Amino acid sequence: MRIEKDLVAAAATPLVLGILMDGDLYGYAILKRVGELSGGSLQWTDGMLYPLLHRLERLGYVTSLWGTSEVGRRRKHYAITDLGREQLAERQEQWMVVADALRQIWQAAPRPVTPTEGWA
Amino acid sequence: MKLDADLEAQIDRWRGYVQRRQAIAAADVDELEDHLRGQIDDLLGTGLDHDEAFLVAIKRLGNLDAVSREFAREHSDRLWKQLVLVPDDADTRAPAWRELAVVLGFAVGTGIAVKVGLSWSNGEAGLARNIGLLVFPFLAGYFAWKRRLTVPVLATLLISFAALAVLLNVYPFASFGSTEVLAALHAPILLWMLVGVAYVGGRWRSDARRMDFVRFTGELAIYYTLLALGGGVLIGLTVAVLQAVGVDPGPVLAEWILPFAVPGALVVAAWLVEAKQNVVENIAPVLTRVFTPLTILMLLAVLAVLATAGGLGTVDRELLILMNAILVLVLSLLLYSISARDSLARPGFFDALQLVLVVVAIAVDAVMLTAMLTRITEFGFSPNKIAALGLNLLLLVHLLRSAWLTVGFLRGRHPFAALERWQTRYLPVYGGWALIVVAVFPLVFGFA
């Protein structure tokens, strides 16, 4: 199952901030973590992660620090800030509300059946 | 994990490609590269081979246009590539400030040298001969500091500057005689070559370094012009304000501000080129593309006028000097275009246009040579004529070979590098000729 682009975009910020709650990480590791958490269904173009991270940095939700990787490459690590934690808490509430509302609707109404052989 | 050479080359090419995006800064390229390499390592771990891993990693990184647009949205300021003269990174701040201090030191130094020279010379021709010696050694000094020249190179440079200084001042030139004027005109070429040696950090045999110096020269000219324009506006406004309140700024301007600002700006411009090469790299191809067709039109007009002006023997001296200046300008444009061109790009329309420029320049040069030879047979030799003739012959050889190599490149017989190599190999010839004009001409023509 692939998740729709707009939904991925909307989930990107809370996902990245949430992942950074577990500790500092660099870009590629963040993406790998996203993949693991969603079982591969949450996918976005790798390159798009970095403008997002830079935006979060500009907004003050994360800070970055250049370090070196195990093999001596330059590597930029990101860490969540207090402002980022506040932001994440807020987003969490919003998503809870959305998820809760959706769950109530879906409990009331049966899951729509995908028409496979509608004409037959 | 050690990647193989082929993969490294692919990653390098990708880096070069990404770096050309204005919205993606060098640090971001590093970040993306780290990502790419991480991805490739993991893919290699799953059993893909190098090529496959590279392709998949690139694919996952996404369409570069889209990614670049996303970067641009986040960093719109980058599209303007503001000059960051002193980087904000805490770890690099100290050297940057030190460099600024050194640059300003050399700029003030050359200002003082010119000021002292002005007050000693009292407007005699001696200053014209020595003006380059008052400026260029400071520029070379900046590069000597920047490139951490080795002692032998430094000593060679110092001795060369000193030898030239002695030569220019020991010869008993007749005041404002032709040999003195010629020496004053050609000394800067020699001095510029010495600056070049400092610029390339003593590795003057390397073609690539020489090309860097050509590029630097072109960019320096642009920066210097920009600084001069800005300075001109600033001075003009100040003068207007001062005059409006009844203060005459003329003497202070002529005696203090210009002697410091004009040579000092050269050192500052050199530093700017060093500090922010990217900015002009983006302008250079545009400028050459704008001016190559315009220069062709100008040369054609000149050629038409010369052809209809009647007997070539009557072409006067002023005109010949002007034409020489035009040809030197054309050559500079050619060199600059070549230095700004991506040497791996395939032959295109612009290369053909450049060939047209060279061919028209050859035609103009041929007309000039004919006119000169006519004058020489009619009026005999003079230092000026020999100097002009020599320069024209050198230019002719340079242009002919350039045309030949450009044709070869367009037909796919030579790589572009052959054309580049010809330019960089030929450049020292001009230095040699300048040395002859400065050192030998006065002796041969009795300092007249």
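**Close-up views of a predicted two-chain model**

**View 1. Where chain B meets chain A.** In this contact region, 19 residues of chain B are in contact with 17 residues of chain A. Please keep in mind, here and in every view below, that this is a predicted model. On the chain B side, the elements giving two or more residues to the contact with chain A are helix H2 (26-45), helix H3 (50-61) and helix H4 (64-74). H2(B) gives the most to this side, with nine residues. If you sort the chain B side by residue class, you will find nine charged, five polar and five nonpolar residues.

**View 2. The largest nonpolar core.** This core has 76 residues, and those with the most contacts inside it are B:Leu139, B:Leu194, B:Ala198 and B:Val267. Helix H8 of chain B (residues 178-199) provides the largest share of the core, twelve residues. Two domains of chain B, domain 2 (88-275) and domain 3 (279-414), each contribute at least three residues to this core.

View 3. Leaving aside residues up to four places away in sequence, B:Val267 touches B:Val103, B:Phe106, B:Ala107, B:Thr110, B:Phe138, B:Leu139 and B:Tyr142.

**View 4. Chain A as a whole.** Chain A contains four helices and three strands. To find your way along the sequence, follow the pattern α-β-α-α-β-β-α. Of the 120 residues of chain A, 22% count as buried. Among chain A contacts between residues at least 6 apart in sequence, 52% join residues at least 24 apart.

**View 5. The open sheet of chain A.** Three strands make up this open sheet, in the order S1-S3-S2, with antiparallel pairing. Strand S1 (25-26) and strand S2 (62-68) stand at the edges with a single partner strand each, so one side of each has no neighbour in the sheet. S1(A) pairs with S3(A) in the antiparallel sense over two bridges. Look for A:Tyr26, which stands opposite A:His77 in S3(A).

View 6. S2(A) and strand S3 (residues 74-80) of chain A pair in the antiparallel sense over seven bridges. You can trace several partners across the two strands: A:Val62 has A:Ile80 as its bridge partner, A:Thr63 has A:Ala79, and A:Ser64 has A:Tyr78.

**View 7. A loop residue of chain B, B:Arg148.** Here we look at the loop between helix H6 (125-146) and helix H7 (151-170) of chain B, where B:Arg148 has its place. Although B:Arg148 is not a glycine, it has a positive phi of about 50°. Is B:Arg148 buried or exposed? B:Arg148 is exposed, because 10 other C-beta atoms lie within 10 Å, and a residue counts as exposed with 12 or fewer.

Key
Residues are numbered from 1 along each chain as its sequence is written. Chains are lettered from A and ligands numbered from 1 in the order in which they are written. This is a predicted model: local features need pLDDT of at least 70, side-chain atom pairs count only at pLDDT 80 or more; totals for chains, interfaces and linings use all residues. Two residues are in contact if their C-beta atoms, placed from the backbone, lie within 7 Å. Ala, Val, Leu, Ile, Met, Phe, Trp, Tyr, Cys and Pro count as nonpolar, Asp, Glu, Lys and Arg as charged, and the others, Gly among them, as polar. A nonpolar core is a set of buried Ala, Val, Leu, Ile, Met, Phe, Trp, Tyr and Cys residues joined through C-beta atoms within 7 Å. A residue is buried if 20 or more other C-beta atoms lie within 10 Å of its own, exposed if 12 or fewer, and partly exposed in between; C-beta atoms are placed from the backbone. Domain bounds come from an automatic or database domain assignment. Two strands pair if DSSP finds at least two bridges between them.
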